[in-house]
Amino acid sequence: MEEIGRNVDALVEAIRRSEVYVTYKEQEARLNRNPELRDRVLRFRGENFRLQNEAHNEELFDVAERLTAESAELRADPVVNAYLDAELALCKLMQKICYRLTDGIEIQVPDL
């Protein structure tokens, strides 16, 4: 377990040094300079996450439509757009890492 811990620590450090993560942190800092806008973006992200993970919601279509309109409005702001693009790039990096780990240790993950 100690070797795994060291390697995980090394992976975390590599991610922190990556261009993707550095860009994300820069965009996060830019967004944080405007607390009202940051709070709006965080609320939007939370609602969007819930929408994607609570498909049983009866008001799904209405919520999706409202979030689509809000996304367009938020993304019109260059700071928000850059932040959300940087966040997406970081999430894709994390997905690739998870897929590679899963494939590398040959653990069976069911299709969802």
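**Notebook: tyrosine rings, a surface patch and a pocket**

I began with Tyr24, which counts as buried because its relative accessibility is 12%, where buried means under 20% relative accessible area, exposed means over 50% and partly exposed lies in between, with a 1.4 Å probe and protein chains only. I note that this is a predicted model, in which local features need pLDDT of at least 70 and side-chain atom pairs count only at pLDDT 80 or more, while totals for chains, interfaces and linings use all residues. Residues are numbered from 1 along each chain as its sequence is written, and side-chain values use heavy atoms, with hydrogens and water left out.

Next I looked up the aromatic pairs, taking rings of Phe, Tyr and Trp (its six-membered ring) as paired if their centres lie within 6.5 Å, and calling planes under 30 degrees apart stacked, over 60 edge-to-face and the rest tilted. I found 2 aromatic pairs by this rule.

I then followed Tyr24 to Tyr83, with which Tyr24 forms a tilted aromatic pair, at 5.7 Å centre to centre and 35 degrees between the planes. This pair links distant parts of the chain, since Tyr24 is in helix H2 and Tyr83 is in helix H5 (residues 78-104), 59 residues apart. I checked Tyr83 for burial as well, and it counts as buried because its relative accessibility is 2%. Taken together, ring pairs join Tyr21, Tyr24 and Tyr83 into a cluster.

For the helix H1 side of the record, I looked up Val8, which lies in helix H1 (residues 2-17) and counts as partly exposed because its relative accessibility is 42%.

The largest pocket is lined by 13 residues, and Arg45, Asn48, Gln52, Glu87 and Cys91 lie nearest its centre. Helix H3 (35-53), helix H4 (60-75) and H5 each supply at least two residues of this lining, and H3 gives the most, with 7 residues.

Key
Helices (H or I, at least four residues) and strands (E, at least two) are DSSP runs, numbered from the N terminus. On a 1 Å grid over the protein atoms alone, a cavity is a set of points where a 1.4 Å probe fits but cannot get out, and a pocket is an open set with protein on both sides within 12 Å along at least five of seven lines; lining residues have an atom within 4 Å of a point.
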